[in-house]
Every structure is written in structure tokens, then in C-alpha cells.
Amino acid sequence: MNTVSVKILEDLYYMGVNDRETNLFENMWPLPEGVAYNSYLITDEKTALLDTVKIIKVDGFVENLKANLGGRNLDYLVVHHMEPDHSGCMKTIMELYPDVTIVTNKKARAMIDDYLNIEIKNYIEVKNGDTLDLGRRKLNFVTTPMVHWPESMVSYESTDKILFSQDIFGGYGALNGTIFDDEMNFDFFKDETRRYYSNIVGKYSKQAARALEKVKELDIDIICPVHGIVWRSNPELIVDEYIKLANQVNEEGVVIAYGSMYGNTEKMADQLARFIAEEGIKNVKVFDVSKTHVSYILSEIWKYKGVVLGSCTYNNSVYPNMNQLLYTLKMNKLANHALGIFGSYGWSGGAVKELTEFASEGGNFEVAPTIVETKGTMKEDDIESLRALAKEIAQLVRA
């Protein structure tokens with residue numbers, strides 16, 4: 001069986017799928033700890049399935065759905081988000097329960113046609129503020145556009161104060177037996193939660209911050225996201241964590257990311273890291289862009305205020321793997337960061353020029369005035385310039 005079913009409350013079931021097979025989320029972001037796809041079933045006077053899971057896990061998912069329904073029909077399938085890891089089993093569910101009513105918003109309804117090309121027999125369109133009556137429970141819908149797709153929405157059940165939050169409050173990582181927040185140490189998942197946010201939602205942080213303002217107004221006892229932990233004891237913890245992430249509230253520390261062919265730029269990175277440590281900055285992370293996936297570098301940059309980018313020149317341009325990092329950082333609209341720049345070249349420059357251009361257009365940065373560019377290997381003047389850069393970055397990070 002590849003699906004775990006757990007009773008949350010008397011008529012509410014968690015039906016989650018652990019995916020330890022997929023190597024790359026969205027075929028791009030590494031999943032060394034796997035990922036969970038979460039679906040929920042309400043068995044009130046009316047029955048409602050809230051989202052589905054990725055199609056590769058359909059067999060166990062359907063088996064648990066039938067068991068939890070106990071022979072009852074499925075009245076509603078609520079679609080909060082149309083991304084295929086949550087809508088992948090829709091066609092199967094509609095074939096098993098041909099009279100089911102699809103409940104979603106206008107934009108998601110159009111996406112069902114685009115992605116699945118299936119005929120919908122029964123359909124209820126909901127808008128922001130609409131309610132679906134299930135009996136004792138009623139789902140109140142709140143649209144959250146561009147968090148992180150245009151059709152995204154959440155629903156709130158006021159009887160037991162449950163938020164079905166879609167991708168908001170999610171994280172990477174399979175749930176290894178521990179489903180609820182009070183069953184685990186969140187520190188085990190905290191880095192994977194931040195990496196998920198920075199990789200998937202980060203670009204839409206302004207929209208996420210607005211959505212979180214709506215969420216903060218709700219009286220919430222339980223949060224049921226479609227990835228990661230179900231929060232039933234301390235939902236405020238993940239709400240506060242996401243508010244910090246959405247507003248790019250970072251910590252004192254510096255990430256140095258460099259690209260080096262023959263070691264000259266790497267030597268500069270190590271020397272700079274030492275000087276920053278001498279300035280009293282205790283959190284200093286150094287990454288080789290050719291070794292560490294951009295997913296992890298982005299996550300660490302989201303965590304710490306200082307970021308220093310260094311690149312050798314490659315064909316009169318920035319190093320190709322550094323270029324990928326620059327593209328990813330620019331796409332995610334960084335703010336509240338201090339930025340430093342250094343690099344090296346052999347017979348012709350180019351990398352530092354492009355890093356400087358990134359500083360003006362890649363995000364909202366405080367840029368350290370000292371830019372260090374070395375021809376060949378470091379000279380004494382270059383070392384002193386790196387010392388000056390370290391002082392400036394440390395001052396900006398503390399400010």
C-alpha cells in the first residue's frame with residue numbers, strides 16, 4: 001500500500017501519499033527526503049474529497065478512499081488547486097463516482113478542460129466568500145490568486161476551525177510515520193519547508209503576504225496543507241514561519257556562492273569567508289555553484305541577509321552555472337539583502353561586469369561599494385580589497 005490514511009477528527013480523514021521515487025519536484029528541484037501529497041475526506045451528511053494526489057499513487061489512494069467512505073457515495077470533489085500533483089487522480093475519481101459534483105472556481109474550471117479534457121456532469125462554481133454546506137460542517141472559500149497559481153484558493157471549516165490551505169504552509173519531505181506537528185520535531189522539517197517556499201512560492205511572496213493577512217484573521221485550530229505536516233497543536237508556528245518567509249525576514253549571516261574553473265575564484269571565496277568570520281559573523285555558508293544545486297543555495301539565501309556572488313570569467317561572460325543562479329535569484333525577486341561582488345579573469349574580463357548589472361536589476365539589494373576583480377590569482381592588493389568587502393558586508397548584515 002502506498003497511501004497512509006489517518007483519522008484527524010470523527011468525520012475527517014487525512015489521506016496522504018509519500019513519494020520517495022520522484023527525484024526532482026517539477027522535474028527541477030531535488031527531493032532527497034521525498035515529498036508527501038495530502039488529500040482530505042469529510043464524511044458528514046454529505047461527503048467531500050478535498051483534492052486528490054499525483055497519479056503515480058492512485059491505487060492505494062483509491063483503496064483508502066473506498067474504505068473511509070464505507071460504501072457511501074462521494075458527493076463532492078473540491079478542487080483548491082489544479083497542479084497535477086493534486087488533481088492527478090480527478091479523472092479516476094470521476095469514473096468511480098460518476099455523479100460526483102465538482103466544486104471549484106471559474107479559473108480552475110477552465111484548467112480542468114485544459115489539463116484533463118474530461119466531461120463534467122455536475123459542477124458548482126464558488127467565488128471568494130462562498131460556502132459549501134456539508135451538514136454539520138460548512139466550507140467557506142477564500143481565493144488566493146497567484147499563491148502560486150492563478151486559480152489557487154483555500155477553504156475554512158468554522159465548526160472545528162480547520163483551514164484547508166492548499167500549497168500554503170506546505171514543505172518538502174515525506175512524512176515518515178509522523179503526520180501531525182505534535183508527533184515530530186519541526187526542526188527536522190524546517191529547512192525543507194523553507195527550501196520548498198523559496199523554490200515554489202518565493203516569486204509570489206507579495207501575493208503570499210496578502211493571502212497570509214487573510215489567514216491571520218481566521219481562528220484556526222488545525223491546518224491541513226497539501227504537502228507536509230498537518231498542524232493540529234501549534235498552527236501558529238507554521239503561520240508565523242510563513243509570514244517571515246513571505247516578507248523575507250532573514251537572519252544575520254552571509255552566503256557566498258562562487259563559480260571557479262581552476263581554483264582562483266575559489267581561493268577568493270575562502271579568503272573572503274575568513275575575513276567575514278573575523279568580523280564576527282558566525283553564520284557563513286560557502287557554495288560552489290558547480291556542485292550545490294541552486295535549490296539549496298536559494299534556500300540559504302532566503303534564510304540569511306548577506307549574499308556575496310563570485311565568478312570567474314568564461315567566454316567573456318559570467319560562469320554558466322553562476323548564470324543559472326543569477327536567473328533563479330532574479331526570478332524570485334529578492335528583497336532585504338546585502339549584496340557583495342567579486343570575481344577573476346584571465347585574458348579578458350566580463351563576469352564582474354555581469355554581476356554588477358545583476359546588482360542593479362536582480363532584486364532590491366544594499367550593495368557593498370567594494371567590488372573585487374582579480375586578474376589571474378590573488379595579489380596583495382586583492383586580499384586587502386577582500387578584507388574591505390568583508391567589513392562592508394558585515395556592517396550591512398548587522399544593520
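Which residues gather in a patch of positive charge on the surface?

Mentor: The model is predicted, so local features need pLDDT of at least 70 and side-chain atom pairs count only at pLDDT 80 or more, while totals for chains, interfaces and linings use all residues. Residues are numbered from 1 along each chain as its sequence is written, and side-chain values use heavy atoms, with hydrogens and water left out.

The positive patch on the surface brings together Lys-203, Lys-206, Arg-210, Lys-214 and Lys-333. Patches are built from residues with over 30% relative accessible area and no salt bridge, with like charges joined within 9 Å and nonpolar side chains within 5 Å. A salt bridge is a side-chain nitrogen of Lys or Arg within 4 Å of a carboxyl oxygen of Asp or Glu. Accessible areas come from the Shrake-Rupley method with a 1.4 Å probe.

Lys-203 sits in the loop between α5 (187-201) and α6 (205-216); helices are DSSP runs (H or I) of at least four residues, and strands (E) of at least two. Lys-203 counts as partly exposed because its relative accessibility is 30%, where buried means under 20%, exposed over 50%, and partly exposed in between.

A nonpolar surface patch of about 370 Å² is formed by Met-261, Tyr-262 and Tyr-314. Tyr-262 belongs to the loop between β15 (251-259) and α8 (264-278), and Tyr-262 is exposed because its relative accessible area is 75%.

The backbone also deserves attention. Val-147 and His-148 are joined by a cis peptide bond, with omega about 0 degrees; His-148 is placed in the loop between β11 (138-143) and β12 (153-157). Lys-161 is a residue other than glycine with a positive phi, near 55 degrees, and lies in the loop between β12 and β13 (162-166). Gln-166, likewise not a glycine, has a positive phi of about 60 degrees and belongs to strand β13. Lys-161 is partly exposed, as its relative accessible area is 28%, whereas Gln-166 is buried at 1%.

Finally, the cysteines. With a disulfide taken as a pair of cysteine sulfur atoms within 2.5 Å, the count is zero. Cys-224 is in no disulfide, and the nearest cysteine sulfur, that of Cys-89, is 19 Å away. Cys-224 counts as buried because its relative accessibility is 1%, and Cys-312 is buried with a relative accessible area of 6%.

Terms used
Lys and Arg count as positive and Asp and Glu as negative; His and the chain ends are not counted. The place of a charge is taken as NZ of Lys, CZ of Arg, CG of Asp or CD of Glu. Buried means under 20% relative accessible area, exposed over 50%, partly exposed in between (1.4 Å probe, protein chains only).
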